[in-house]
Amino acid sequence: MDVVYPRNYNRINIPRLLDGTRSKVIFEVVHQEEETIFWHLNDLYLGSTSAVHRMEFSTKAGKYQMTLIDGKGRELNWKFEVME
């Protein structure tokens, strides 16, 4: 597994929409095998993806840890910060 987007995922700026609300964070990863990936943000289960591994979610500014686990138990972990 490897992160495709955002490429520099250590600090993320989330743009605001015209009405002032934050848009969503979108992560995309690739897997070398046809596996289901289970997404967790700070130990909160976000959902799973198959084939196209793209997850969209809303979050506030702060520090987070993303954990991805495939169907064989392999993990990809990284920390990132969402900027204000």
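Reply: Start at Asp43, which sits in the loop between β4 and β5. Strands here are DSSP runs of E with at least two residues, helices runs of H or I with at least four, and both are numbered from the N terminus. The model is predicted: local features need pLDDT of at least 70, side-chain atom pairs count only at pLDDT 80 or more, and totals for chains, interfaces and linings use all residues. Residues are numbered from 1 along each chain as its sequence is written, and side-chain values use heavy atoms, with hydrogens and water left out.

Me: Is Asp43 buried or exposed?
Reply: Asp43 is exposed, with a relative accessible area of 77%. Exposed means over 50%, buried under 20%, and partly exposed in between, with a 1.4 Å probe and protein chains only.

Me: What about its phi?
Reply: Phi of Asp43 is positive, about 70 degrees, although Asp43 is not a glycine. Most residues other than glycine have a negative phi.

Me: Which loop holds Ala51, and what is its phi?
Reply: Ala51 lies in the loop between β5 and β6 (53-57). Its phi is positive too, near 65 degrees. Ala51 counts as exposed, at 73% relative accessibility.

Me: Back to the β4 loop. What does Asn42 touch?
Reply: Asn42 lies between β4 and β5 (44-49). Leaving aside neighbours within four places in sequence, Asn42 is in contact (heavy atoms within 4.5 Å) with Lys63, Tyr64 and Gln65. The C-alpha atoms of Asn42 and Met66 are separated by 6.4 Å, yet the two are 24 residues apart along the chain. Asn42 is partly exposed, at 40% relative accessibility.

Me: Zoom out. How many helices and strands?
Reply: Zero helices and eight strands. The radius of gyration is 13 Å, close to the 12 Å that the globule rule gives for 84 residues, so the chain is as compact as a globular protein of that length. That radius is taken over C-alpha atoms, and the rule is 2.2 Å times the number of residues to the power 0.38.

Me: How much of the chain is buried?
Reply: Of the 84 residues, 36% count as buried.

Me: Which strand has the lowest mean pLDDT?
Reply: Strand β2 (residues 11-13), at 85, while β4 (residues 37-41) has the highest, 97. The chain averages 90, and 98% of the residues score at least 70. pLDDT is the predictor's confidence in each residue, from 0 to 100.
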